[in-house]
Amino acid sequence: MPWLRVADALKAPVGTQVTVKGWLRTRRDSKADGGLSFLSVHDGTCFDAIQAVAKAALPNYSEIARLTTHCAVEVDGTISPTPKGGNEIQATAVRIVGLVDDPDHYPIQPKQHSFEYLREVAHLRVRTNTFGAVARVRHCLAMAVHRFFDARGFYYVHTPIITGSDCEGAGHMFRVSTLDLVNPPRPGAAPGPSVGGAPPAPGAVDFSRDFFGKETHLTVSGQLNVETYCCALSRVYTFGPTFRAENSNTSRHLSEFWMIEPEVAFADLASNAALAEAMLKELFDAVLTQRPDDMAFFEQRIERGIIERLRGIIEKPFRRLPYTEAIDILLASGKPFEFPVKWGLDLQSEHERYLTEQHFKQPVVLTNYPKQIKAFYMRQDDDAPTGPNVPPGSRTVAAMDVLVPGIGEIIGGSQREERPDRLDARIEEMKLPIKEYWWYRDLRRYGTVPHAGFGLGFERLVQFVTGMQNIRDVIPFPRAPGQCEF
RNA sequence: UCCCCGAUAGCUCAAUGGUAGAGCGAGCGGCUGUUAACCGCUAGGUUCUAGGUUCGAGUCCUAGUCGGGGAGCCA
């Protein structure tokens with residue numbers, strides 16, 4: 001008999017002889033027709049399980065009648081309609097492949113479990129409805145990302161995970177080292193082979209003897225590297241893991257997460273924002289059309305209205321809003337914010353939430369932030385901002401944040417500073433180690449072009465699409481401070 | 001990292017400083033084309049960890065670990 005995925009067996013014509021292989025969700029027994037068991041079998045190929053009907057006449061029925069949740073089985077049988085509509089399998093054979101040992105203590109039971117509990121059994125939680133659905137939606141989004149960029153002539157660039165520059169500028173980094181932590185080499189200590197690099201300061205650890213001959217870390221962003229490929233291939237993107245050693249304990253932060261970073265040559269901030277908007281809309285559309293089964297589940301059990309919200313976002317243009325105007329709106333709102341609203345200060349969560357959830361009720365692209373609160377590589381705007389709330393002498397940069405209701409910042413990006421003198425001036429101003437940026441600055445010396453890009457937090461995207469509240473529940477094995485089991 | 005809250009059976013939760021309980025799940029039986037099934041019986045506990053107060057601590061105190069909500073850092 002042909003082995004069908006459960007997704008295909010559910011659509012197969014009545015009368016088809018099939019084999020399905022998978023795991024039991026539940027078993028229910030009946031004494032009707034001389035005794036039968038209903039086995040709900042799923043294999044992860046779609047949200048639904050298929051019901052197999054096993055009659056007492058089967059030679060191994062006494063074993064079948066003892067099957068419990070997540071026992072592995074192979075079922076041969078004939079596709080038939082159920083009395084209530086839909087397909088089921090009239091089993092001619094049920095082969096028991098793997099039993100569940102000690103079902104009383106098996107961590108996953110046919111009942112609602114809290115997400116906090118399931119996180120402690122992350123190796124098994126993917127067998128549940130919710131985490132199976134999250135896994136499929138996550139895959140669907142990842143594939144849609146690649147399709148979106150491929151269709152527009154972007155090249156997928158594998159930027160390095162290990163970085164030798166500690167100047168990527170986005171928070172604390174994880175050290176990568178093969179040195180002996182207990183007794184690291186120091187100058188003046190027992191001599192050993194030096195791999196290379198500058199002589200260390202007295203008393204400091206001698207990283208010239210480390211694996212790469214210098215200090216190395218896990219990357220906090222592929223952007224600086226991908227800019228080099230952008231300045232040769234025109235349209236590129238990275239999609240890979242990113243590491244932040246920050247002590248963040250929130251439902252929106254991970255120590256290890258995946259980020260999508262496109263970079264486009266001969267592009268300005270406006271086209272950057274347009275790309276971000278087109279991408280998000282296409283991703284939402286992909287999930288709605290390709291995973292209606294899983295999205296129906298999220299709609300029903302995780303967040304009411306999520307499907308309509310995504311549809312609404314696809315249909316309406318995003319709101320564009322310069323930072324200066326956002327300040328005007330916040331000041332005019334009369335809301336008693338906990339943190340001050342003042343031109344030059346960064347917006348707090350409560351301010352962003354007011355804009356997306358109350359004032360506009362839709363995604364908002366905030367642009368042209370004060371230069372003092374943004375990164376060194378962002379392009380300095382030629383025009384000075386004007387308005388009643390702008391202090392004299394203020395300057396902005398071509399930065400953008402895409403804010404969405406519920407999550408907040410989902411994308412951060414900018415047009416990059418392509419003018420060598422202006423870039424150097426910013427590096428000096430911010431007292432960054434200019435020597436470390438030698439190859440990044442070379443891009444401005446040799447055939448510089450305006451270019452722009454952004455970073456999309458993949459897990460935040462999955463969160464937004466599914467309505468899952470905690471980011472630790474949209475990545476298979478979350479890494480967070482104090483959390484690296486599995 | 002900061003503020004607030006929490007941790008008791010496999011899971012979700014009760015228990016005035018004085019004998020540790022229920023529902024679900026599991027095992028056994030009954031009933032039923034069942035599908036959050038239903039009914040009965042049974043088993044199931046180092047009350048997060050380490051100290052302390054007390055005649056006596058699940059309960060009070062201290063510290064830690066982990067989890068939740070909010071904030072910061074950001075994606």
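Predicted model: local features only at pLDDT ≥ 70, side-chain atom pairs only at ≥ 80, totals over all residues.
Strand E7, running antiparallel to strand E9 (residues 216–218), is joined to it by 2 bridges. Together with strand E8 they form an open sheet of 3 strands, in the order E7-E9-E8 and with antiparallel pairing. Strand E7 (162–163) and strand E8 (175–176) each have a single partner strand and stand at the edges, so one side of each has no neighbour in the sheet. As a general point, strands of a sheet pair through backbone hydrogen bonds, in either a parallel or an antiparallel way.

Let us move on to a second sheet. This one is open too, with 8 strands in the order E6-E10-E11-E16-E15-E14-E13-E12 and mixed pairing. Its edge strands, which pair on one side only, are strand E6 (155–156) and strand E12 (319–322). Within this sheet, E11 and E16 run antiparallel and are joined by 5 bridges; Met 259 has Gly 457 of E16 as its bridge partner. Helix H7 (residues 269–290) packs on the sheet, where it touches E11, E12, strand E13 (364–370), strand E14 (396–404), E15 and E16. The direction of H7 makes about 35 degrees with that of E16.

Strand E1 is worth a visit as well. With strand E4 (residues 72–81), E1 pairs in the antiparallel sense over 7 bridges, and Gly 22 stands opposite Val 73 in E4. E1 is also joined by 7 bridges to strand E2 (residues 36–42), again running antiparallel; here Arg 28 stands opposite Phe 38 in E2. The hairpin of E1 and E2 has 5 residues between the strands, and in it Asp 33 takes a positive phi near 55 degrees.

Now for the helices. Helix H5 (residues 129–151) has 23 residues, which at 1.5 Å a residue should span 33 Å; its end C-alpha atoms are 33 Å apart, so the two values agree. Just after H5 comes Gly 153, with a positive phi of about 80 degrees. Elsewhere, the axes of helix H9 (residues 306–315) and helix H14 (residues 458–466) come within 8 Å and cross at roughly 115 degrees. From H9, Ile 306, Arg 309, Leu 310 and Ile 313 make the contact, while H14 brings Phe 464, Val 465 and Thr 466. By class, the residues of this contact are 5 nonpolar, 1 polar and 1 charged.

Finally, which residues come nearest to RNA strand B? Among the 50 residues around the RNA, they are Asp 104, Arg 119, Asn 247, His 253 and Arg 460. The surface near RNA strand B has 12 nonpolar, 20 polar and 18 charged residues. Of the RNA atoms within 4 Å of the protein, 51% belong to sugar or phosphate and the rest to bases.

Some individual contacts show both parts of the RNA. On the base side, a nitrogen of RNA strand B is 2.9 Å from a polar backbone atom of Leu 254. On the phosphate side, an oxygen is 2.6 Å from an N or O atom in the side chain of Gln 348, and a phosphate oxygen is 2.3 Å from an N or O atom in the side chain of Arg 353. The elements that give two or more residues to this surface include strand E1 (17–30), helix H3 (115–119), strand E11 (256–265), helix H11 (349–359) and strand E16 (451–457).

Key: Residues numbered from 1 in each chain as written. Chains lettered and ligands numbered in written order. Heavy atoms only, no water. Near = heavy atom within 4 Å. Polar contact = N/O pair within 3.5 Å; in protein donor to acceptor, adjacent residues only side chain to side chain. Helix = DSSP H or I, 4+ residues; strand = E, 2+ residues; numbered from the N terminus. Nonpolar A, V, L, I, M, F, W, Y, C, P; charged D, E, K, R; others polar. Pairing = 2+ DSSP bridges. Axes fitted to C-alpha atoms, helices over the stretch in contact; angles between N-to-C directions. Contact = heavy atoms within 4.5 Å. Expected span 1.5 Å × (residues − 1).
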